[in-house]
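Work through these exercises with the structure open beside you. Try each task before you read its solution.

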Amino acid sequence: MAKKRPQSKAGKPQLKEGEIPVVGAREPCPCGSGRRYKACHGRAAAQAVTELVQRPFEGLSGECDWIALRELVPAATVELTLKGGRPEGVPSVALATVLPMAWPALRRDDGSVLLALQNDTSSGDLSRDLADTLQRALEAEPGSPVTARRVPADGPRLQDLLDPEGAFEPVVHAGFEFWVPDAENATPEVSASLERANAAAIPTTRLSGVDAAYWCETPEKNHLRWVMPHPEEQLLDALARLHAAGASSLGEGTRLVGSFRAHGLMVPVWDLPSGMGAEECEKPAAQFAERLAEALASDLPLTGEERRARGGLTNRQVTLS
C-alpha cells in the first residue's frame, strides 16, 4: 500500500500566502501542509523564478548602457542613486561589470558597496536577482563579499530600489584596478584574479557624442557596438532603408555587419579599420544618428531592395540573452 502523507496537526497555525518563506526543495513546506516544499508552494515559486523577463532593465535610467555593461564592456563602473538615499555607514554604491573571484557584490572595509553586473543569476529576472544581491550587500558587514543564492520570487527589483531620476554615467576603465583601493597590498587570490582579468580585457571606449555606443579594439579590426532603444521591427526597417541607400556605414572602410539582440533591445555592430580609433568614430556616429532619426520617422512601405536589405540584416542577428 502507498504510504499516506503526514497530516498537519489540527492546532498547527497556517501561514498566509505572503508569509511562506523559501526553503530547500525537499524540506517540509512552511505552510504546514505536510508536503515537501517543491510539491507545494515551491511549484509556484519555481515558476515565478524561472519566468524570463525580456527587458529586465526597462524603466531604469540608462537602460541601453545597462545592457552594454552587462554584455559588451569588460571593465566599467557607475555610481548608483538609491531611492530615499543611502543607509547610514554606506558612503557610496556603485555598479561594476565584474568583481574579483566572481563575487556578486562586495562591501568594502570603508562600508561602500560594489554590485557586479555580469555574474550568472538564478532566475529569469535579472533585475530581481541584482536587487536581492544589492540589498544583502547594503546589510553585509564591512570588508565582506556577498555570495550567490536563490532569490525569492516576490522580492524587489532594481526598479524598486534605484532612483529613476538618478544619473547613470558609466566610467570605462582600461583594467580592473578599481577592485581594490590599494592593489599592491591585495591578497594573493585577488591579485591573481586581477591579473587574469586585465589580460583578458578588450580595450573599450564609450563615445561621448551619442548614447550607449562603445568602440572596441581587437587584433584584426576594431568595432562599434551601439545599443539602441527603438523597437526591433522599427529599427530593422530604418536600418534597411539606410543600407539600401548606401548610407548605413560610418565612413570609408567601415561596414554595418549585423546586430546583437540583448535583453529586449538591438545592438547594431560595425566593422572598422584597425586604424580608426574612438575619437575618429565620434563625428560619423553623430551623422549616422541624424540619418537614422529620419529613417525611423518614415512610414512608407519598404521597396523591394529595402526588403532584401532587411532580410540580410535579420539573418545576421545574434541573440546574446
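**Exercise 1: Inside spaces**

About 90 Å³ of space lies in the largest cavity. This model is predicted.

Task: Find which residues line the largest cavity, and sort them by class.

Solution. 
Step 1. Start with the lining residues Leu60, Ser61, Trp66, Glu79, Leu80 and Thr81, which are among those around the largest cavity.
Step 2. Sort them. The lining of the largest cavity has seven nonpolar, three polar and two charged residues.
Step 3. Count the cavities. The structure holds one of 30 Å³ or more.

**Exercise 2: The largest pocket**

Task: State how much space lies in the largest pocket, and describe its lining.

Solution. 
Step 1. Take the volume. The largest pocket holds about 350 Å³ of space.
Step 2. Look at the lining. It is made by 18 residues.
Step 3. Go to the centre. Leu106, Arg108, Asp109, Val180 and Pro181 lie nearest to the centre of the pocket.
Step 4. Name the elements. Strand S3 (105–107) and strand S5 (144–146) are the ones that give two or more residues to this lining.
Step 5. Sort by class. The pocket lining has nine nonpolar, four polar and five charged residues.

**Exercise 3: H6 against H7**

Task: Describe how helix H6 and helix H7 pack.

Solution. 
Step 1. Locate helix H7 at residues 278–297.
Step 2. Read the geometry. The axes of H6 and H7 lie 9 Å apart, at an angle of about 115°.
Step 3. Classify the angle. Angles of 65 to 115 degrees count as roughly perpendicular, so H6 and H7 are roughly perpendicular to each other.
Step 4. The crossing of H6 and H7 is right-handed.
Step 5. List the contact. Gln234, Leu235, Ala238, Leu239, Arg241 and Leu242 of H6 meet Phe288, Arg291, Leu292, Ala295 and Leu296 of H7.
Step 6. Sort by class. This contact of H6 with H7 has eight nonpolar, one polar and two charged residues.

**Exercise 4: H6 against H8**

Task: Explain why H6 and H8 are called oblique to each other.

Solution. 
Step 1. Locate helix H6 at residues 232–244 and helix H8 at residues 304–315.
Step 2. Read the geometry. Their axes come within 8 Å and cross at roughly 120°.
Step 3. Classify the angle. H6 and H8 are therefore oblique to each other.
Step 4. H6 and H8 cross in a right-handed way.
Step 5. Find the contact. Among its residues are Glu233, Leu236 and Asp237 of H6, and Glu305, Glu306 and Ala309 of H8.
Step 6. Sort by class. The contact of H6 with H8 has six nonpolar, two polar and six charged residues.

Terms used: Residues numbered from 1 in each chain as written. Predicted model: local features only at pLDDT ≥ 70, side-chain atom pairs only at ≥ 80, totals over all residues. Heavy atoms only, no water. Axes fitted to C-alpha atoms, helices over the stretch in contact; angles between N-to-C directions. Helix = DSSP H or I, 4+ residues; strand = E, 2+ residues; numbered from the N terminus. Parallel < 35°, antiparallel > 145°, perpendicular 65-115°, else oblique. Left-handed = near helix turned anticlockwise from the far one by under 90°. Contact = heavy atoms within 4.5 Å. Nonpolar A, V, L, I, M, F, W, Y, C, P; charged D, E, K, R; others polar. 1 Å grid on protein atoms, 1.4 Å probe; cavity = no way out; pocket = protein on both sides within 12 Å on 5 of 7 lines; lining within 4 Å. Points joined across faces, edges and corners; volume = space filled by probe spheres on them.
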